[in-house]
Amino acid sequence: MSQVRIVTDGDAQLEPDLIRKLDITVLPLTVQMGDEVFQDEDGARNEQLLIRMVENRSRPTIIGPTVADFQQLYQQLTRTSSCV
């Protein structure tokens, strides 16, 4: 039987404990606000980004993850996942 891997992006908003428990791979969202770029790591919201949104009363642009990001991750998971 093959090993099952769960992959999502940072918009899933999963609890960090659940991510660790189920070994979920989360690709971070890249968020651009003006000239600043923020990474949404491990599904945790970037507090600096939230502060900027309130201060500037503007909306950020969500970028990625890209198709290339997912392809690279799937290739990596294929190499490191084992079949039983």
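What does Asp-23 count as in terms of relative accessibility? Asp-23 counts as partly exposed, because its relative accessibility is 44% (buried is under 20% relative accessible area, exposed over 50% and partly exposed in between, with a 1.4 Å probe and protein chains only). The legends below describe a predicted model, in which local features need pLDDT of at least 70 and side-chain atom pairs count only at pLDDT 80 or more, whereas totals for chains, interfaces and linings use all residues. Residues are numbered from 1 along each chain as its sequence is written, and side-chain values use heavy atoms, with hydrogens and water left out.

**View 1. Asp-23 and its salt bridge with Arg-5.** Asp-23 lies in the loop between helix H1 and strand E2, the latter covering residues 25-27 (helices, H or I of at least four residues, and strands, E of at least two, are DSSP runs numbered from the N terminus). Although Asp-23 is a residue other than glycine, its phi is positive, near 50°; most residues other than glycine have a negative phi. The side chain of Asp-23 meets that of Arg-5 in a salt bridge, at 3.5 Å from N to O (a side-chain nitrogen of Lys or Arg within 4 Å of a carboxyl oxygen of Asp or Glu). Because Arg-5 belongs to the segment before E1 while Asp-23 sits in the loop between H1 and E2, the pair ties together parts that are 18 residues apart in sequence. Arg-5 is partly exposed, with a relative accessible area of 26%.

**View 2. The loop residue Gln-13.** Gln-13 is found in the loop between strand E1 (7-9) and helix H1 (16-22). Its phi is positive, at about 55°, although Gln-13 is not a glycine. With a relative accessibility of 52%, Gln-13 counts as exposed.

View 3. The structure holds 3 salt bridges, one of which joins Arg-20 to Asp-17, where the closest N and O atoms are 2.5 Å apart.

**View 4. The hairpin of strands E3 and E4.** Strand E3 (residues 29-33) pairs with strand E4 (residues 36-40) in the antiparallel sense, over 5 bridges (pairing requires that DSSP finds at least two bridges between two strands). Thr-30 has Gln-39 in E4 as its bridge partner. Between the strands of this hairpin there are 2 residues, and Gly-34 takes a positive phi near 65°.

**View 5. Glu-36 and Arg-52, joined by a salt bridge.** In the salt bridge of Glu-36 with Arg-52, the closest N and O atoms are 2.9 Å apart. The pair links distant parts of the chain, since Glu-36 lies in strand E4 and Arg-52 in helix H2 (residues 47-56), 16 residues apart. Glu-36 counts as partly exposed at 32% relative accessibility, and Arg-52 likewise counts as partly exposed, at 22%.

**View 6. The surroundings of Val-31.** Val-31 lies in strand E3 and is buried, with a relative accessible area of 5%. When residues up to four places away in sequence are not counted, Val-31 touches Glu-36, Val-37, Phe-38, Leu-49, Pro-60, Thr-61 and Ile-62 (contact means heavy atoms within 4.5 Å). Ile-62 is 31 residues away from Val-31 in sequence, yet their C-alpha atoms are 4.6 Å apart in space.

**View 7. The aromatic pair of Phe-70 and Tyr-74.** The structure holds 1 aromatic pair (rings of Phe, Tyr and Trp, the last by its six-membered ring, pair if their centres lie within 6.5 Å; planes under 30 degrees apart count as stacked, over 60 as edge-to-face and the rest as tilted). The ring centres of Phe-70 and Tyr-74 are 6.0 Å apart and their planes stand at 40°, so this pair is tilted. Phe-70 and Tyr-74 are 4 residues apart in helix H3 (residues 67-80), which means that about one helical turn separates them. Tyr-74 is partly exposed, with a relative accessible area of 43%.
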